[in-house]
Amino acid sequence: MKASRPAKPDPRGWHAHGAVAVGMASSGATSMPTQKAAWACHPAAVAVLLILAWTFLQAADAPKPGDAITNSIGMKLACVPAGEFAMGSPAGEKGREEEEALHRVKITRPFRLGVTEVTQAQWKVVSGGRRGKFEGENLPVEDISWADAVAFCEKLSKMEGRKYRLPTEAEWEYACRAGTAGRFAGDKLDDVAWYDANSDGRTHPVATKKPNAWGLYDMHGNVAEWCADYYAPAYPAASVTDPAGPPEGKARVVRGGSWASFERGCRSASRHSSPAAYQLKFIGVRVVMELAP
Ligand SMILES: [Ca+2]
């Protein structure tokens, strides 16, 4: 399902209407001011027009899905709009697992998400040192525990004066799909992902495959990505709003599959988990920046 954008109010119609009414009231064209003219001159009417104009300008300036900014360490973050989507996979999807029960999810707060996985160069600036079994500035960081990923977000938050955190599992799948409902957010997995069939057994520089519709690279494959949630084998049966997983658990959610995954493990709906302390050469991280400071 496509994310819906709020309809833009069009104050131009209101303004034109009001201007006509004001003109009538001030031109002296008629000796009998109409009720419409009196209404248009009322301070409350002026206030309404100003509010509508402000709303219009705000909507025009609001970031659009995929619009990216760059923070002080060169990390690009794309706007992900609020919206609703079908999380999980339909019964007939090839490679599907039982834990992917299809259910409606509403994401009420827009946010920004890293356009790429966190690179080793970015990690070095924030946390110091190199982290990765494979070495390269533009390779995604891996070999990090869940706590390492969280600590990175906390350090980056202090550096930037903004709230950075891991995505929830729902936010991750919503952003991965970018309005699509199929197995992958792209025509062919090979177009958008480094995975078992094409990776030559290693990570690759980020953003060297095609992005999804919201400008996000490597949501499928390269390194799998830590999410904030504890892993729960069963999704909620009903529709949910801003789900954040169970309050406790034994493992954390990992999403997207990696350079070592088969095709089915890189599907948009595919779920994985890992004990939080594990440091593996196929798990990295991508961060959320909250829009509210
Ligand atoms: Ca990835």
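Which residue just after α4 takes a positive phi? In this predicted model, that residue is Gly 128, with a phi of about 80°.

## Overview

The structure is a predicted model. The protein has 293 residues, and 38% of them count as buried. Its secondary structure consists of seven helices and 12 strands.

Contacts between residues at least 6 apart in sequence can be sorted by how far apart the partners are along the chain. In 68% of these contacts, the two residues are at least 24 apart.

## Helix α4

Helix α4 covers residues 120-127. Its buried residues are Gln 120, Gln 122, Trp 123 and Val 126. They line one face of the helix, because they fall within an arc of 155° when seen down the axis of α4.

The buried residues of α4 pack against α5. Gly 128, with its positive phi, comes just after α4.

## Helix α5

Helix α5 runs over residues 146-160 and has 15 residues. From its first C-alpha to its last it reaches 21 Å, close to the 21 Å expected at 1.5 Å a residue.

Four residues of α5 are buried: Trp 146, Ala 149, Phe 152 and Leu 156. These residues are on the same side of α5, because they cover an arc of only 120° around the axis. On the other side of α5, Ala 147 and Lys 158 are exposed. The buried residues pack against two kinds of element, helix and strand: the helix is α4, and the strands are β6 (164-165), β7 (224-230) and β9 (252-255). Gly 161 follows α5 and has a positive phi, near 70°.

## How α4 and α5 meet

Two packed helices are described by the angle between their axes and the distance between the axes. For α4 and α5, the axes come within 9 Å and cross at roughly 70°. This angle makes α4 roughly perpendicular to α5, because angles of 65 to 115 degrees count as roughly perpendicular. The crossing is left-handed.

On the α4 side, the residues that meet α5 are Trp 123, Val 126 and Ser 127. Their partners in α5 are Phe 152, Lys 155, Leu 156 and Met 159. Trp 123 and Val 126 are also among the buried residues of α4, and Phe 152 and Leu 156 are among those of α5.

## Pro 140, between the two helices

Pro 140 lies in the loop between α4 and α5. Is Pro 140 buried or exposed? Pro 140 counts as buried because it has 32 C-beta neighbours inside 10 Å, where 20 or more are required.

Neighbours within four places in sequence aside, Pro 140 is in contact with Glu 117, Val 118, Thr 119, Thr 203, Val 206, Asn 222, Val 223 and Gly 284. Pro 140 and Arg 286 are 146 residues apart along the chain, and 9.3 Å separates their C-alpha atoms.

## Glu 171 in helix α6

Helix α6 spans residues 169-177 and contains Glu 171. Glu 171 is buried, because 24 other C-beta atoms lie within 10 Å.

Which residues does Glu 171 touch, not counting those up to four places away in sequence? They are Ile 107, Phe 111 and Val 288. The C-alpha atoms of Glu 171 and Asp 242 are separated by 8.1 Å, while the two residues are 71 residues apart along the chain.

Methods
Residues numbered from 1 in each chain as written. Predicted model: local features only at pLDDT ≥ 70, side-chain atom pairs only at ≥ 80, totals over all residues. Expected span 1.5 Å × (residues − 1). Buried ≥ 20, exposed ≤ 12 C-beta atoms within 10 Å, placed from the backbone. Arc of directions from axis to C-beta. Contact = placed C-beta atoms within 7 Å. Axes fitted to C-alpha atoms, helices over the stretch in contact; angles between N-to-C directions. Parallel < 35°, antiparallel > 145°, perpendicular 65-115°, else oblique. Left-handed = near helix turned anticlockwise from the far one by under 90°.
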